[in-house]
Amino acid sequence: MLCTLSEILRDADERHYAVGAFNCLSLENVMGALEAAESLRSPIILQVAEVQFPEAPLELMAPIFLRAAERSGVPVCVHLDHGKSIETCVKAVRLGFTSVMFDGAALPFDENVRTTQLVTRIAKAAGVSVEAELGRVGDSGVDTADVFTDVDESVRFVEATGVDALAIAIGNLHGHYVHTPQLNIRRLIEIHEANRLPLVLHGGSGTSVEDFKACIHNGICKINVATAIQRGIMKAIRERMATDPDVGYIPLKQVMIDASRDVVAEHIRLFESNSRV
């Protein structure tokens with residue numbers, strides 16, 4: 001069933017678990033992800049980021065996401081991840097996405113506030129949820145000087161913008177981690193205590209089990225996963241081709257579906273969202 005981000009995260013916030021938000025770049029990703037969610041009775045978020053549009057164009061992924069969500073027996077949010085402009089967010093709203101993220105984290109604070117305010121007004125007029133980001137989540141292997149989300153700024157930002165969920169920086173990174181990061185759980189707790197709204201962790205691939213659990217139990221209600229799916233698929237393809245070099249295209253599609261399912265199922269259990277529907 002198609003739901004907004006607010007609807008899905010409300011229960012996660014009240015019952016102290018996190019919903020996985022999985023970047024799906026193909027039909028096989030979507031099929032595997034929903035198979036996992038339905039078998040484990042978990043809500044799920046299907047998303048695609050603006051940086052991924054060359055490989056997964058928004059206007060092509062939208063009908064796949066939406067039709068799959070409508071047919072599903074579990075709550076599914078269709079979400080724009082890391083929208084870089086008002087125009088991209090508006091396009092996603094018009095295509096039927098039930099949630100959009102405007103990522104103004106690289107902007108000066110006041111400009112981030114002003115632009116997020118506009119995106120929020122537009123999206124909420126259409127019944128669409130809004131996620132924003134404050135603080136800077138770096139890229140693994142590239143930017144190790146992360147800027148943690150400031151607690152006082154987070155309060156001002158949330159009050160000024162009226163967003164439904166806030167992505168924060170507490171030492172997390174995008175991409176494949178070379179070393180397991182040490183998340184600042186104390187900062188997470190401080191932000192959570194100051195802002196009673198669902199918080200979001202980006203860069204979920206590679207985080208330790210202990211940090212995942214600490215995040216889930218201290219206000220993180222949405223966790224993004226992208227790299228882990230891609231790596232899981234490539235590993236499965238390599239293994240299949242090593243044992244069956246002449247494998248055909250159709251069997252490889254099933255390998256991709258199965259690998260997507262297995263990675264998503266692993267994270268659903270880790271995030272404690274299984275058996276919640």
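Glu133 is buried, because its relative accessibility is 2% and the cut-off for buried is under 20%. This is a predicted model, so please take every value I give as computed from it. Glu133 sits in strand 6, residues 129-134. What is around Glu133, once its neighbours within four places in sequence are left aside? The contacts are His82, Met101, Phe102, Asp103, Ala105, Asn112, Leu166, Ala167 and His202.

Next, the nonpolar cores. The largest one has 75 residues. Which residues have the most contacts inside this core? They are Ile44, Leu46, Phe65, Phe97 and Val100. Helix 10 gives the largest share of the core, nine residues. A separate core of 15 residues lies apart from that one, and Leu5, Leu9, Cys77 and Val200 are among its members.

Let me stay with Ile44 for a moment. Again leaving aside neighbours within four places in sequence, Ile44 touches Ile8, Val19, Gly20 and Phe22, and also Ala33, Leu34 and Ala37.

Now the aromatic pairs. The count is three. One of them is Phe212 with Phe271, an edge-to-face pair at 5.3 Å centre to centre, with 65° between the planes. Phe212 belongs to helix 8, residues 209-216, and Phe271 to helix 10, residues 249-271, so this pair ties together parts that are 59 residues apart in sequence.

Glu272 has a positive phi, near 65°, and is a residue other than glycine. Its relative accessible area is 21%, so Glu272 counts as partly exposed.

Arg41 also has a positive phi without being a glycine; the value is near 55°. Where is Arg41? In the loop between helix 2 and strand 3, the strand being residues 44-49. Arg41 is partly exposed because its relative accessibility is 33%.

For a positive phi in a glycine, look at Gly96, which follows helix 4 and has a phi near 110°. Helix 4 itself covers residues 86-95, and its buried residues are Thr88, Cys89, Val90, Ala92 and Val93. What do they pack against? Two of the partners are helices, helix 3 and helix 5, the latter being residues 109-125. The others are strand 4, residues 76-83, and strand 5, residues 99-102.

Last, the second largest pocket. The space in it is about 210 Å³. The elements that give two or more residues to its lining are helix 2, residues 27-40, and helix 3, residues 58-71. Helix 2 provides the largest share, six residues. The lining consists of Leu27, Val30, Met31, Leu34, Glu35, Glu38, Ile64, Arg67, Ala68, Arg71 and Ser72. How does this lining divide by class? Six residues are nonpolar, one is polar and four are charged.

Note on methods: Residues are numbered from 1 along each chain as its sequence is written. This is a predicted model: local features need pLDDT of at least 70, side-chain atom pairs count only at pLDDT 80 or more; totals for chains, interfaces and linings use all residues. Side-chain values use heavy atoms; hydrogens and water are left out. On a 1 Å grid over the protein atoms alone, a cavity is a set of points where a 1.4 Å probe fits but cannot get out, and a pocket is an open set with protein on both sides within 12 Å along at least five of seven lines; lining residues have an atom within 4 Å of a point. Grid points are joined across faces, edges and corners, and a volume is the space filled by probe spheres set on the points. Helices (H or I, at least four residues) and strands (E, at least two) are DSSP runs, numbered from the N terminus. Ala, Val, Leu, Ile, Met, Phe, Trp, Tyr, Cys and Pro count as nonpolar, Asp, Glu, Lys and Arg as charged, and the others, Gly among them, as polar. Rings of Phe, Tyr and Trp (its six-membered ring) pair if their centres lie within 6.5 Å; planes under 30 degrees apart count as stacked, over 60 as edge-to-face and the rest as tilted. A nonpolar core is a set of buried Ala, Val, Leu, Ile, Met, Phe, Trp, Tyr and Cys residues joined through side-chain atoms within 4.5 Å. Buried means under 20% relative accessible area, exposed over 50%, partly exposed in between (1.4 Å probe, protein chains only). Contact means heavy atoms within 4.5 Å.
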